[in-house]
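I am opening a notebook on a structure that is new to me.

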Amino acid sequence: MHPLIETADRLFMTTYSRFPAVITEGAGCRLRDAEGREFLDFLSGIAVTNLGHAHPRVTAAIKAQAERLLHVSNLFYTGPQTRLAELLVAHSFADRVFFANSGAEANEAAIKLARISAGEGRYEIISLAGSFHGRTLATVAATGQSKFHQGFEPLPTGFVHVPFGDLAALEQAIGPQTCGVLVEPLQGEGGVRPLDPNYLAAIRQLCDQHGLALIFDEVQVGMGRTGTLFAYQQLDVEPDIMTLAKALGNGLPIGAALARERLAAAFTPGTHASTFGGNPVACAAGVAVMETLLEPGFLAAVRQRGDYLAAGLRRVAGRHPAVAEAVRGMGLIQGLVLNGHARERGPAIVNRLFDQGVLANFAGNTTLRFLPPLIVTEAEIDEMLAALDRALAG
Ligand SMILES: *Cc1c(COP(=O)(O)O)cnc(C)c1O
């Protein structure tokens, strides 16, 4: 084992269980570690490096911006954040943008906006069982998985969860105190679980009926991951607020809350802020990411490779019916749901993939999750599938 691992394990608070690899560099869909091992990346740093590692356009944008200006705060205007906001507004339902540094911070902004725009006495956010919205106290309270709550109670009040897929329960949870409904169009950490488009449409209807803000957390599924720029664009339902982060900077930390004017107008000078939010370097990376995703044919190719990956996963799953139950996902976020003793089996399969030089992970205690860079080739998908076939055979 690399000596750095021992040092790190002594120094860091033990919040993470890590793969035993010291990653030193990457290019495209490949990573290399300090021992010279190569890995085929079907994780993308958890849906972050959507354009792959060391993407030339992103690297050039970061370099150019770093040579001019790193930071001035939001007491001033800067070019990259304005350009990025322009692109996000031009290609989404939204009229206005607030920049933050992470997914959790983007969701905090969305929650605060839903509250302040709803007015006195309306503060409660309804979210779904199995959801994941972040690790700050408010976003962990919004997260519908008790394993993330344990040990941290009392959590901030004003958050309720309803069972996944149960529209009647959601309707029943709405009261005079409700201000918004927060959902991921496809649950990522919850185990790659898409929401039925009819269910989403019915949630939209309930929000309209009761004057609630519909918030889509697209932190994981936004930025081309599903084969459209944003997942909602293939579900025929528009939100009032949407949050982004992960792949927005292809590896630089950046988050965003986007909203319609009607809601956004409730934020006035002094109501919300972030020192680093909209950092010029992170935003320059974001502009390069957006321009690349918007190139003609890019997203169509993601959909095509997503179909190829899903078909391949179904084929492999069909060869291992005792282990593999189903394949689900959208575009290039695909999950293989495991049978039976999934909780024990999942991590073992992930480790067998790692030993073969393929990176994937296990989500929601049920599902192997595959998140390759959006530039993945069919040959690379085939390579992963062959390793998976061996890993499932045990
Ligand atoms: C990762 C994730 C978050 C949290 O993002 P951080 O940048 O880790 O704070 C929130 N929502 C969803 C759907 C995510 O996948």
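**Entry 1: salt bridges.** I searched the whole structure and found 16 salt bridges. I count a salt bridge when a side-chain nitrogen of Lys or Arg is within 4 Å of a carboxyl oxygen of Asp or Glu. Side chains of opposite charge can pair when their charged atoms come close.

**Entry 2: ground rules.** I note that this is a predicted model, where local features need pLDDT of at least 70, side-chain atom pairs count only at pLDDT 80 or more, and totals for chains, interfaces and linings use all residues. Residues are numbered from 1 along each chain as its sequence is written, and side-chain values use heavy atoms, with hydrogens and water left out.

**Entry 3: R37 and D33.** I looked at R37, which forms a salt bridge with D33. Their closest N and O atoms are 2.7 Å apart. Is D33 buried or exposed? D33 is buried, at 2% relative accessible area. R37 is partly exposed, at 32%. My cut-offs are under 20% for buried, over 50% for exposed, and partly exposed in between (1.4 Å probe, protein chains only).

**Entry 4: E291 and R57.** I found a salt bridge between E291 and R57, with the closest N and O atoms 3.1 Å apart. E291 sits in helix α10 (residues 280-293) and R57 in helix α3 (residues 56-66), so this pair ties together parts 234 residues apart in sequence. I take helices as DSSP runs (H or I, at least four residues), numbered from the N terminus. E291 is partly exposed, at 27%.

**Entry 5: D208 and R204.** I checked helix α8 (residues 197-210), which holds both D208 and R204, four residues apart, about one turn of the helix. Their side chains meet in a salt bridge at 2.8 Å, N to O. D208 counts as exposed, at 52%, whereas R204 counts as buried, at 13%. I then traced a network of salt bridges that links R204, D208, E238, D240, R260 and R262.

**Entry 6: the ligand.** Which helix gives the most to the shell around the ligand? I find helix α5 (residues 103-118), with three residues. Among the residues surrounding the ligand are S102, N107, H133 and K246; I require a heavy atom within 4 Å.

I also looked up polar contacts, pairs of N or O atoms within 3.5 Å. A polar side-chain atom of Q220 lies 2.8 Å from an oxygen atom of the ligand. A backbone N or O atom of F132 is 3.3 Å from a ligand nitrogen atom.

Definitions and conventions: Polar contact = N/O pair within 3.5 Å; in protein donor to acceptor, adjacent residues only side chain to side chain. Helix = DSSP H or I, 4+ residues; strand = E, 2+ residues; numbered from the N terminus.
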